[in-house]
Amino acid sequence: MTTNRIAQVYPDLSIALTEAGSGRPVLVLHGGGGPATVAGLAARLAGSARTLTPVHPGWDGTPRPGWLTSVDDLAVAYLHLLQDAESSDVLVIGSSLGGQLAAEMAVRDTAGLITGLVLVNAVGADIEGEPVTDFFALDPRAQAEHSWHDPDRFYVDPATLPAAELARRQANMATMRALTDGGRMTDPKLLPRLGRVRQPALLIWGESDRIVTPAYGAAYAKAFPQGRFAPVPEAGHLPHLERPDVTAALIEAELHRTATPPVLAG
């Protein structure tokens with residue numbers, strides 16, 4: 001069964017959530033493209049887990065309080081969301097900006113709620129010699145060329161979009177700018193802190209990504225004590241959309257590999 005609800009994390013911060021399935025809790029964090037980009041993945045994982053798929057405040061018309069101005073702010077809010085739900089043994093999956101959120105959550109998870117991470121073409125780390133492409137500086141066609149293995153299949157001319165959809169996309173991008181210091185997709189403080197993350201971290205990477213390259217992803221993975229790098233051929237920045245079966249299979253294997261064994265009564 002799939003349910004939609006609003007979680008009141010703070011008096012002035014509510015988060016829209018979709019929940020489905022049963023079993024180990026899996027938090028699925030979308031990137032700048034919004035919740036629709038991870039909806040199919042979450043639906044598939046709900047066959048073997050309890051998925052929680054939030055809409056980041058400010059995306060798709062949801063409210064964002066004025067003080068929520070950084071990825072750090074949102075990472076702390078999601079940890080409090082998990083605490084309020086008394087969640088444990090959580091696998092956190094994040095795509096792009098959501099991957100940075102997942103990493104920032106793991107750095108701050110002093111309660112040990114998270115037991116596994118999956119970062120999918122994540123941004124967030126400063127990797128020497130591998131700068132993150134300035135997505136905001138690209139025109140729509142160049143964005144497609146940098147993001148997809150097969151840009152012709154996924155490119156949508158903004159001139160063909162209904163006004164409401166175009167406005168939604170523009171508002172989402174404005175929110176992403178607000179949370180990333182005007183569009184800076186890395187935090188120089190993150191990489192040194194990843195050595196403190198003890199949870200297993202699987203970094204899935206579309207090999208054709210030109211926003212964050214495979215070399216960037218491999219270096220990101222090495223920063224985790226238990227980091228593993230899994231390249232996905234014929235996929236770009238969103239491998240869960242271009243190669244959904246391959247990506248989901250990698251995540252499902254990690255879901256089972258990192259699960260904490262149940263404590264048996266003595």
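**Exercises on salt bridges**

Arg108 is partly exposed, at a relative accessible area of 22% (buried means under 20%, exposed over 50%, partly exposed in between; 1.4 Å probe, protein chains only). The model is predicted, so local features need pLDDT of at least 70 and side-chain atom pairs pLDDT 80 or more, while totals for chains, interfaces and linings use all residues. Residues are numbered from 1 along each chain as its sequence is written, and side-chain values use heavy atoms, without hydrogens and water.

**Exercise A.** Determine which residue forms a salt bridge with Arg108, and where the two residues lie.

*Solution.* A salt bridge requires a side-chain nitrogen of Lys or Arg within 4 Å of a carboxyl oxygen of Asp or Glu. The partner of Arg108 is Asp72, with the closest N and O atoms 3.2 Å apart. Arg108 belongs to helix H3 (residues 97-108) and Asp72 to helix H2, 36 residues apart (helices are DSSP runs of H or I, at least four residues; strands are runs of E, at least two; both are numbered from the N terminus).

*Solution.* Arg141 lies in helix H4 (residues 140-147) and Asp152 in helix H5 (residues 151-154). Arg141 is partly exposed at 29%, whereas Asp152 is exposed at 60%.
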